[in-house]
Amino acid sequence: MAKILLILLPFILTSCWPSSVSFVDSGAMPEEWKTFSVQTLELVAPNAPISYAPNLTESIKDGVQNNTRLILNTTQGQGEINIEGKVVNYAVTPIAIQPGDNAAKNRLTVTVNFTIFISEPEEDKMVLTSSRFADYSTDDDDFTTKENELIDDINKQIVQDVINKLFSNW
């Protein structure tokens, strides 16, 4: 019995052995996807800084390039993936009221509606609404001194939402 087990052991072990081992993510995106483009986002939120939409557009370009195998196509609408969108909300609201009707904490909320057009392997369209927020204390600083830091945090989350949408539908 022990001799049979010793003879079968190499066959059992090799049948369970992985065919390949790699630390490189092959990705869940179709092989046909090589390039992407991002149209400068439209700004329709009345309270947003005028530079917000172009800055978020650049963050999306950087995020997709750095976290996927897709390459930026500088010709608008010429990639296999084409991303368009509108910044529809940019609002500061109180979330913790102190005595005297003063806010102890406020929340900056940004909402962006995206449409992602896909040309390969077959034409498709994905829609994504990303609404993200960041809280800040009014005790430490006023909004103007914290705004850039809050925007950076929110933009990272929105970029991750776009990347997740690209991976989740495939």
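## Ring contacts, helix packing and a cis proline

R107 sits over the face of F133, 3.9 Å from the ring centre; a charge counts as over a ring if NZ of Lys or CZ of Arg is within 6 Å of the ring centre and within 35 degrees of the ring normal. This is a predicted model, in which local features need pLDDT of at least 70 and side-chain atom pairs count only at pLDDT 80 or more, while totals for chains, interfaces and linings use all residues. Residues are numbered from 1 along each chain as its sequence is written, and side-chain values use heavy atoms, with hydrogens and water left out.

The protein chain has a mean pLDDT (the predictor's confidence in each residue, from 0 to 100) of 84, and 78% of its residues reach 70 or more.

| Element | Confidence | Mean pLDDT |
|---|---|---|
| Helix α1 (residues 2-16) | lowest | 67 |
| Strand β2 (residues 42-43) | highest | 96 |

Where pLDDT is low, the predicted coordinates should not be read in detail.

Helix α2 (residues 52-67) packs on helix α3 (residues 143-168) at about 50 degrees, with the axes 9 Å apart. Axes are lines fitted to C-alpha atoms, for helices over the stretch in contact, and angles run from 0 to 180 degrees between N-to-C directions. In contact (heavy atoms within 4.5 Å) are residues including Y52, L56 and S59 of α2 and I151, I154 and N155 of α3.

The peptide bond from E120 to P121 is cis, with omega near -5 degrees. P121 belongs to the loop between β5 (102-118) and β6 (124-137).

How values were computed:
Helices (H or I, at least four residues) and strands (E, at least two) are DSSP runs, numbered from the N terminus.
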